[in-house]
Amino acid sequence: MNISHIEHIGIAVKNLEDSIKYYENILGLKCYSIEEVKEQKVRTAFFMIGQTKLELLESTDSEGPIGKFIEKKGEGIHHLAFAVKGIEEALVEAESKGIQLIDKCPRKGAEGLDIAFLHPKSTAGVLTELCEKKNI
Ligand code: ZN
């Protein structure tokens, strides 16, 4: 797989506005975008640090993936996202090496990226997202 850097770290939070205050007022970062991703039942807030982002995720539905995560584990780091060149090939390669895929094909995530998740059961416990920015 051709990974270039950590694209973002996904952090599950109970309340987006309260959490943004911590990152802005204490860490001195600036939230540059808030976006709702309806199909994932989340609202997201983004911060840029170098070429890596933080993605805060607030559930809009307790039955959604972040709602369930917070109910089970509470707030905290939810997933790690790597920027990859050739996401389709990366998924084929991962599957051929026995990795359990959550997404067999890339789908649209926040910020228009093509994204796909690998199951934490086969990634040493870390929910792993691959993402690729396609220049269209
Ligand atoms: Zn993500």
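The legends below describe close-up views of a predicted model.

Local features need pLDDT of at least 70, side-chain atom pairs count only at pLDDT 80 or more, and totals for chains, interfaces and linings use all residues. Residues are numbered from 1 along each chain as its sequence is written, and side-chain values use heavy atoms, leaving out hydrogens and water.

**View 1. Four residues coordinate the zinc ion.** The donors are His8 (NE2), Glu55 (OE), His79 (NE2) and Glu129 (OE), at 2.0 to 2.4 Å. Donors are N, O and S atoms within 2.8 Å of the metal (3.2 Å for Na, K and Ca); water is not among the atoms, so sites may look incomplete. The spacing of the donor residues in sequence is H-x46-E-x23-H-x49-E. His8 in strand S1 (residues 2-13) and His79 in strand S5 (residues 76-85) link distant parts of the chain, 71 residues apart. Strands (E, at least two residues) and helices (H or I, at least four) are DSSP runs, numbered from the N terminus. Both His8 and His79 are buried. Buried means under 20% relative accessible area, exposed over 50%, and partly exposed in between (1.4 Å probe, protein chains only).

**View 2. The geometry at the zinc ion is irregular.** Angles among the 4 donor atoms run from 84 to 173°. Four donors count as tetrahedral if all angles lie between 85 and 135 degrees. Four count as square planar and six as octahedral if opposite donors are over 155 degrees apart and all others between 65 and 115; anything else is irregular.

**View 3. Strand S5 pairs with S1 and with S8.** Two strands pair if DSSP finds at least two bridges between them. S1 and S5 are antiparallel, over 9 bridges. Ile9 faces Leu80 of S5 across this pairing. S5 and S8 (residues 128-132) run parallel, joined by 4 bridges. Here Ala83 stands opposite Cys131 in S8.

**View 4. Lys134 and Glu88 form a salt bridge.** A salt bridge is a side-chain nitrogen of Lys or Arg within 4 Å of a carboxyl oxygen of Asp or Glu. By this rule the count is 14. The closest N and O atoms of Lys134 and Glu88 are 3.2 Å apart. Lys134 lies in the segment after S8 and Glu88 in helix H3 (residues 87-96), so the pair ties together parts 46 residues apart in sequence. Lys134 is partly exposed at 33% relative accessible area, and Glu88 is partly exposed at 38%.

**View 5. Lys104 meets Glu95 in a salt bridge.** The N to O distance is 2.6 Å. Lys104 is exposed, at 57% relative accessibility. Glu95 is partly exposed, at 37%. Elsewhere, salt bridges that share partners join Glu88, Lys108, Asp114, Glu132 and Lys134 into one network.

**View 6. Lys30 forms a salt bridge with Glu24.** Their closest N and O atoms are 3.5 Å apart. Lys30 counts as exposed, at 60% relative accessibility. Glu24 is partly exposed, at 25%.

**View 7. Tyr22, Ile26 and Leu27 make a nonpolar surface patch.** The patch covers about 320 Å². Patches are made of residues with over 30% relative accessible area and no salt bridge: like charges are joined within 9 Å, nonpolar side chains (Val, Leu, Ile, Met, Phe, Trp, Tyr) within 5 Å. Accessible areas come from the Shrake-Rupley method with a 1.4 Å probe; for residues, only the protein chains shown count as cover. Ile26 belongs to helix H1 (residues 16-26). Ile26 counts as exposed, at 62% relative accessibility.
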